[in-house]
Amino acid sequence: MARIDVVEGDITRLRVDAIVNAANRSLLGGGGVDGAIHRAAGPQLLAACRPLGGCPTGEARITPGFRLPARHVIHTVGPVWHGGDQGEDALLGACYRNSMQLAAENGVESIAFPAISCGVYGYPPQRACEVALGALQDWLRTAAQPINVVLCCFSAEIAAIYRRLLDAQA
Ligand code: AR6
């Protein structure tokens with residue numbers, strides 16, 4: 001059975017097969033975790049993203065990790081929070097599912113996610129963590145092969161939310 005671990009820290013440092021980037025639809029970089037990943041991977045990452053021609057919200061694309069310890073970067077575009085009745089939960093869940101699907105297709109055995117949409121895009125963290133965990137656990141339940149998941153939290157607040165949700169299931 002695949003594991004889900006909660007880790008606090010910088011996702012660009014993690015030695016996993018793939019890290020997920022909370023990108024925007026251009027896939028040409030930005031602030032937050034996107035900026036950190038591009039800085040750590042080096043300029044080849046932008047060169048690899050450019051020909052992808054962007055990515056719709058909820059979908060995912062894969063590139064090499066270049067200078068990162070991770071072999072792959074999976075770029076996904078989370079929804080901007082507009083109050084919760086604009087299909088945000090479905091789009092956020094799709095980010096996690098589509099990232100896992102792409103990971104499986106590329107032989108990834110370990111993957112780390114940031115808290116997609118919880119920064120600049122303004123998603124309420126508790127709700128985002130519930131959607132993320134639900135989507136990941138649903139995916140893992142029916143997966144042909146197990147993939148170990150790291151929930152990489154840049155703040156203690158997000159880590160505490162994930163730990164509470166996981167403890168409540170134990
Ligand atoms: N490692 C792990 N998590 C991080 C790191 C890091 N190095 N840096 C920030 N976070 P955000 P979004 C956390 O704003 O809300 C970009 O400009 C952060 O604390 O990076 O999906 C893109 O280009 C927060 O919990 O992504 C888009 O335009 C989480 O990562 C836009 O921001 C996500 O925050 C996407 O916004």
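Me: How far is the sulfur of C55 from the closest cysteine sulfur?
Reply: This is a predicted model, in which local features need pLDDT of at least 70 and side-chain atom pairs count only at pLDDT 80 or more, while totals for chains, interfaces and linings use all residues. Residues are numbered from 1 along each chain as its sequence is written, and side-chain values use heavy atoms, with hydrogens and water left out. A disulfide is a pair of cysteine sulfur atoms within 2.5 Å. The sulfur of C55 is too far for a bond from its closest counterpart, in C95, the distance being 8.1 Å.

Me: How many disulfides does the structure hold?
Reply: C129 is in no disulfide, as the nearest cysteine sulfur, that of C118, lies 5.5 Å away. For the structure, the number of disulfides is zero.

Me: Is C129 buried or exposed?
Reply: Buried means under 20% relative accessible area, exposed over 50%, and partly exposed in between (1.4 Å probe, protein chains only). C55, at 3% relative accessibility, counts as buried. C129 has a relative accessible area of 1%, and therefore is buried.

Me: Which element gives the most to the lining of the largest pocket?
Reply: Helices (H or I, at least four residues) and strands (E, at least two) are DSSP runs, numbered from the N terminus. With four residues, the largest contribution to the lining comes from α1.
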